[in-house]
Amino acid sequence: MASGVLITGCGSSGGNEAKSDVVEVWDYEGQGVSDEAMKAAVKAFEADNPGITIKRTSFAFADLSKSIIQGGVGGEVPDVAIIDNVDNQNFASLGLLKDITTDTASIKDDFYDGPWSSTQLNGKTFGLPMNSNNLALFYNKDMFKKAGIEKPPATWEELAATAKKLASSGNAGLAISAVKNEQGTFQVLPFVWQAGGDIDEYAKYGGKALSFLKKMIDDGAMSSAVANYSQEDARTQFTTGQTAMMVNGPWEISNLKDVDFKWAVAPLPKDVRAATGLGGENIVAFQQAKNPEGAVKFVKFMASHKGVQTFCDISGQLSPRIDLDGKLKLSSDANMNVFEKQMEDTHSRSYGENYNKISEAVQLSVQEALTGAKPPELAAKDAEDTIKKLLPKK
């Protein structure tokens with residue numbers, strides 16, 4: 001099992017504390033503001049729940065999910081974990097997570113639909129949303145002004161026209177991440193949802209999305225190199241002035257503080273509807289928890305108004321809760337506010353226990369379409385043939 005860094009809870013009940021009063025938590029929030037946010041939230045929980053102590057072990061991001069799966073096989077899992085929301089359904093399908101449907105039935109409407117859906121499997125609840133993020137459009141205001149463009153694009157048609165107008169001298173109008181990994185899926189699926197559908201009809205809606213993106217490449221508005229761009233690569237293209245716009249998340253705002261141009265953030269342009277991808281973390285309790293009662297208490301606290309606000313005000317992440325809209329410290333920042341307002345348009349990548357294979361099929365179609373290996377419509381049709389066999393039965 002991958003090793004983690006032990007971080008004890010902020011409170012203490014003394015040396016005679018019973019083991020049942022300890023809640024063991026695994027996370028990957030062990031550095032920077034995320035660690036500060038976790039420590040503050042743990043301190044608040046322990047103050048509200050005298051006698052319960054949180055024992056944290058923090059892993060590297062890439063190690064946590066492997067450690068959970070390995071621990072499940074060996075019966076060595078914690079009481080609670082904070083996980084990437086895209087992993088929630090997979091862990092639930094493996095029988096690792098505690099069904100908390102009854103414990104949380106009354107709070108469903110506290111959350112945006114996107115984050116809530118990421119906790120669901122077969123009509124049951126296996127976690128709660130703790131924080132969120134999504135994708136928006138960053139644009140170079142100086143380049144826009146020089147080109148005589150007064151406002152960011154709000155539709156696909158405007159996006160294509162704006163990107164084409166801004167592309168010149170080897171520079172692109174738009175950069176996205178379409179690399180063959182989960183980042184590529186995360187960035188391309190919003191175009192599928194904006195087209196008006198979902199992956200159960202990927203031939204139609206994926207075909208439309210991929211055709212739109214390929215035409216932008218063919219028109220010179222976007223570089224064919226996006227098929228290899230990570231989200232970090234898209235940011236580099238933007239910060240070095242090699243592209244006028246990029247699709248990216250709120251985590252990039254701190255990376256743009258020292259650029260020598262003015263920039264801003266706008267909602268992702270829409271086609272049939274507005275839509276963006278959902279990222280962030282959920283908090284889950286384990287079926288084999290040694291302290292199931294304490295585990296559920298901590299899960300519910302961390303997803304409560306107080307728990308989410310405590311964590312997000314320090315970490316700078318978005319709230320999955322509707323009642324915190326406009327009430328976080330980040331809400332006063334105009335760029336962060338764009339992401340916050342988009343929470344109502346988020347879609348989760350919640351497609352059942354076979355999601356990893358579904359994502360791989362999407363990634364392959366993106367590569368085939370954007371590199372010209374296949375016509376976009378055919379790439380999408382071939383992907384749908386694979387995806388339909390993997391989706392949960394309705």
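Analyst: Let's settle one cut-off before anything else: buried means under 20% relative accessible area, exposed means over 50%, and partly exposed is what falls in between. Keep in mind that this is a predicted model. With that cut-off, Asn122 counts as exposed, because its relative accessibility is 69%.

Now the aromatics. The ring-pairing rule finds 14 aromatic pairs. Take Phe138 and Phe238: their ring centres are 6.5 Å apart and their planes sit at 70°, so this pair is edge-to-face. Phe138 belongs to strand E8 (residues 136-140) and Phe238 to helix H10 (residues 231-239), so the pair ties together parts that are 100 residues apart in sequence. Both Phe138 and Phe238 are buried.

A second pair, Phe191 with Phe212, is tilted, with 6.3 Å from centre to centre and 35° between the planes. Here the partners come from helix H8 and helix H9 (residues 202-218), so parts 21 residues apart in sequence are tied together. Phe191 has 5% relative accessibility and therefore counts as buried. Phe212 is buried too, because its relative accessible area is 14%.

Back to Phe138 and Phe238, which also belong to one aromatic cluster; the other members are Phe261, Trp263 and Phe339.

H8 (residues 182-194) packs with helix H14 (residues 355-371) at an angle of about 75°, and the two axes are 9 Å apart. That angle makes H8 roughly perpendicular to H14. On the H8 side, the contact uses Glu182, Thr185, Val188 and Leu189. H14 answers with Tyr355, Ser359, Val362, Gln363 and Val366. Sorted by class, the contact of H8 with H14 has 5 nonpolar, 3 polar and 1 charged residues.

Helix H1 (residues 32-48) gives you a quick geometry check. At 1.5 Å a residue, its 17 residues should span 24 Å, and the end C-alpha atoms are 25 Å apart, which agrees. Its buried residues are Ser34, Asp35, Ala37, Met38, Ala41, Val42, Ala44, Phe45 and Glu46. As background for reading that list, an α-helix has 3.6 residues a turn, so residues three or four places apart point the same way.

Moving out to the loops, you'll want to look at backbone torsions. Asn122 is in the loop between strand E5 (120-121) and strand E6 (124-125). Its phi is near 55°, a positive value in a residue other than glycine. Ser169 also has a positive phi, near 50°, and again it is a residue other than glycine. You'll find Ser169 in the loop between helix H7 (156-166) and strand E9 (172-175). Ser169 counts as exposed because its relative accessible area is 76%.

Helix H7 also holds Glu158. At 33% relative accessibility, Glu158 lands in the partly exposed class. Leaving aside residues up to four places away in sequence, Glu158 touches Pro152 and Pro153. For a sense of scale, Glu158 and Glu353 are 195 residues apart along the chain, and their C-alpha atoms are separated by 37 Å.

Definitions and conventions
Residues are numbered from 1 along each chain as its sequence is written. This is a predicted model: local features need pLDDT of at least 70, side-chain atom pairs count only at pLDDT 80 or more; totals for chains, interfaces and linings use all residues. Side-chain values use heavy atoms; hydrogens and water are left out. Helices (H or I, at least four residues) and strands (E, at least two) are DSSP runs, numbered from the N terminus. The expected span of a helix is 1.5 Å times one less than its number of residues. Buried means under 20% relative accessible area, exposed over 50%, partly exposed in between (1.4 Å probe, protein chains only). Axes are lines fitted to C-alpha atoms, for helices over the stretch in contact, and angles run from 0 to 180 degrees between N-to-C directions. Angles under 35 degrees count as roughly parallel, over 145 as roughly antiparallel, 65 to 115 as roughly perpendicular and the rest as oblique. Contact means heavy atoms within 4.5 Å. Ala, Val, Leu, Ile, Met, Phe, Trp, Tyr, Cys and Pro count as nonpolar, Asp, Glu, Lys and Arg as charged, and the others, Gly among them, as polar. Rings of Phe, Tyr and Trp (its six-membered ring) pair if their centres lie within 6.5 Å; planes under 30 degrees apart count as stacked, over 60 as edge-to-face and the rest as tilted.
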